[in-house]
Amino acid sequence: MFNLLCQKSMYRAAIKYKHVAQKETLLKQNPMHGTWRRSFNADHTCLESRALPIVHHVKYICALPENHRFPMGKFPKVLESLLRDQVITDKQVWAPKIASTDLLGCVHTEEYLSNFISGEISEKDQRRTGFPWSSGLVQRCRYETGGTVLAGEIALQRGLACSTAGGTHHAFPSYGSGFCLLNDLAVAAKHLMGESTSRRKILIVDLDVHQGDGTAFIFKDEPDVFTFSVHCGKNFPVRKQQSDLDVSLEDGIEDKEYLSKVQEHLPWLLETFRPDLVLYDSGVDPHWEDELGRLHLTDEGLYQRDLYVLQTVIKRGIPVATVIGGGYSRDIDRLARRHSIIHRAASKVWREHGL
């Protein structure tokens, strides 16, 4: 396994691992049967413990100019797809609170947050994000970040939870980029790792087709967060950051080879880093039809990928929270169903493992 890592990645991994205590940190029981309890960052809580928790908010969406490239309409349609196909019911849906400026401040600079929330964003910075500023956009991003935080909180208590948004991994502390304005994964990781008396370790598994450069930068010197990114090497961003483990893929890779790359690394990371929580970015832009992807996965390939990740993590007793990541198509209904693959895989895992 080590022969497959570059020398610099091995060095960074060694630094990460040297602080790990020898005691066993894997959970020995179903997390929802533990004694840990807290109040959730939720406007609406679903107390039905027998169903997979789904995190969604009607304000995950905002208005964009006509023909804008970002498929904003996919977020409500992900939930609609799951309800229509009876994968879930509305009784298992949680609604997050809006992320406060204090919460966002654990990752983002005070100046950036002030300018973003008030609309003092330059045209150049707006072009870099791909979004024209609006108060609705600010609200949407803050609720989306709150949703990822809530999914992580629920997962720590119940073992598994899935948001219908999230994965804005290109946002840096002081600026947004690539359709990402607030880094929800980083905010959730910072919040969840630091709220307990014994500091939690977080593994971020990022299988979006684009490298999670913002997340990698934010946690480059943080030993309690490990960033693992499998992405298309010749895709955005042109200038890559260094994750703790980067797996760069050639254009056109298909289902079998892609899955083998994930299988090659994930079990080793779980056994060596021993995280207390996994945040999983299940981007569907590796799909062959994706407008920004360059890889050739099928719907079945995405399903097997998600099923493998969830089963591999859950079997080790590690809680996992999922976000939907990137996906780009002008056929919003088709794209939304593709994004719902992670929730369908999670529902299967939830049933099989009796969570």
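Analyst: A residue is called buried here when its relative accessible area is under 20%. By that criterion strand S5, residues 202–206 of this predicted model, is mostly covered, with 5 of its 5 residues buried. In a regular strand the side chains alternate between the two faces of the sheet. In S5, Ile 202, Ile 204 and Asp 206 point one way, while Leu 203 and Val 205 point the other way, and all are buried.

S5 has a parallel partner in strand S6 (residues 225–232), to which 5 bridges join it; within this pairing, Thr 227 of S6 is the bridge partner of Ile 204. Between S5 and S6 the chain passes through helix H8 (residues 213–218), forming a right-handed β-α-β crossover.

Strand S8 (residues 277–281) also runs parallel to S5 and is joined to S5 by 5 bridges. Here Leu 277 of S8 stands opposite Ile 202. S8 is in turn joined by 4 bridges to strand S9 (residues 320–323), again in parallel, and Leu 279 has Ala 321 of S9 as its bridge partner. Helix H10 (residues 299–314) packs on the sheet and touches S4, S8 and S9, with a direction at about 175° to that of S8.

These strands belong to an open sheet of 9 strands with mixed pairing, in the order S1-S3-S2-S4-S9-S8-S5-S6-S7. Strands S1 (42–44) and S7 (245–249) stand at the edges with a single partner strand each, so one side of each has no neighbour in the sheet. Helix H6 (residues 135–158) lies across several strands, including S8 and S9, and runs at about 130° to S3.

Notes. Residues are numbered from 1 along each chain as its sequence is written. This is a predicted model: local features need pLDDT of at least 70, side-chain atom pairs count only at pLDDT 80 or more; totals for chains, interfaces and linings use all residues. Side-chain values use heavy atoms; hydrogens and water are left out. Buried means under 20% relative accessible area, exposed over 50%, partly exposed in between (1.4 Å probe, protein chains only). Helices (H or I, at least four residues) and strands (E, at least two) are DSSP runs, numbered from the N terminus. Two strands pair if DSSP finds at least two bridges between them. A crossover is right-handed if, with the strands pointing away from the viewer, the path from the first strand over the helix to the second runs clockwise. Contact means heavy atoms within 4.5 Å. Axes are lines fitted to C-alpha atoms, for helices over the stretch in contact, and angles run from 0 to 180 degrees between N-to-C directions.
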